Amino acid sequence: MSKPFFVLAPMDDVTDTVFRRVVDDCASADYYVTEFVNVDGLCSAGRERILPKLSTQQDKGTVIAQIWGKKPENFETIAREIADGTIQGFSGVDINFGCPDKAVVKNECCSAMQQPHLREQAGELIQATLDGLGGRLPLTLKTRLGFKDIDYTWHEFLLSFKPMMLTVHVRTTKQMSKVPAKWEAILPILELRDKISPETKIVLNGDIVDRKHGEELAEKYGVDGIMIGRGIFHNPYCFEEKDIWSEMGREERIELFKKHLELFENTYKNGERKFNPLKKFAKIYISDFPGASELRDKVMHTNSVEGALEVINT
Ligand SMILES: Cc1cc2nc3c(=O)[nH]c(=O)nc-3n(C[C@H](O)[C@H](O)[C@H](O)COP(=O)(O)O)c2cc1C
């Protein structure tokens, strides 16, 4: 059986152009997905504030822009801007049908749209995005197993639009991330794909830790691709065949954090992104060596890139 392709999961406040570059330099994924970006915001006066989320300044890999929102006309506008290069650097557009955030669900967006009474609206968003893309770039979709319960009529519906890729985080919205991922639940979706849209690649997501693990699951279930999210927090080299990270000591880990901080500084020169969310990355790099938790604590008390660099350089 051929090997699966690998995707770094979209993660809000995590997978910006800087972190995608750090990961790509460690061990490449085949696709990267941006944080979810609101199309209604992008089509409002707040556009300039949101646009940095769609920066691809540091990317070397293949990046897909993930969008969400409410109004079909805004999906069409942003999809068109991405396809015609007004917003540059993307190889596709993904629609988020998986976010379980309470406020988002209350607003009947993202994973809320898995519910049958919102299907018509979901279809309008997908069609508007396809219209904006105009066949110039592919459409991909990311969703869950259903809202309250598993509902394969939802995946059947999504497949009818023949997306290039359909990623399924194998939990329902109600389950959030509190129960183990149900990998075997992908099997009926593969059958639907074969019937409805044989060209669509099915991507399995949820609790997959690294390449080796992904390859085992792809072999077992027959999926085309594997998406890894939180696994990257424990191993920035998770797309590598070999276990490199556990062999890396204090110096190498700190070097990687330094690289992240410096790339951040060079990318957001005008304060486009705040420093504070950056501190949480310390958990990834400053871990599993003697004195790590004390050093991490010091980083958490800094409030600028220079401050953080000073702490880790001493
Ligand atoms: C901090 C964080 C932010 C996330 N943001 C997004 C997002 O913007 N768009 C999205 O589709 N999924 C988002 N997710 C969900 C992940 O893409 C992924 O589906 C989920 O974490 C399960 O995969 P994993 O077990 O490999 O982490 C986020 C997850 C985390 C932990």
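Keep in mind that the model is predicted, so local features need pLDDT of at least 70, side-chain atom pairs count only at pLDDT 80 or more, and totals for chains, interfaces and linings use all residues. Residues are numbered from 1 along each chain as its sequence is written.

Let's start with helix 4, residues 72-83. Helices here are DSSP runs of H or I with at least four residues, strands are E runs of at least two, and both are numbered from the N terminus. The expected span is 1.5 Å times one less than the number of residues. For the twelve residues of helix 4 that gives 16 Å, and the end C-alpha atoms are 16 Å apart, which agrees.

Which residues of helix 4 are buried? They are Asn 74, Phe 75, Glu 76, Ile 78, Ala 79, Ile 82 and Ala 83. Buried means 20 or more other C-beta atoms within 10 Å of the residue's own, with C-beta atoms placed from the backbone. Their cover includes helix 2, strand 3, strand 4 and helix 6. Just after helix 4, Gly 85 has a positive phi of about 90°.

Now the strands, where pairing takes at least two DSSP bridges. Strand 1 (5-8) runs parallel to strand 8 (225-228), with four bridges, and Phe 5 is partnered with Gly 225. Strand 1 also runs parallel to strand 2 (31-38) through two bridges, and Leu 8 sits opposite Tyr 32.

Last, the ligand: of the 21 residues around it, Ala 9, Met 11, Phe 36, Gly 229 and Arg 230 come nearest. A residue counts as near if its C-beta atom, placed from the backbone, lies within 6 Å.

Terms used. Buried ≥ 20, exposed ≤ 12 C-beta atoms within 10 Å, placed from the backbone. Contact = placed C-beta atoms within 7 Å.
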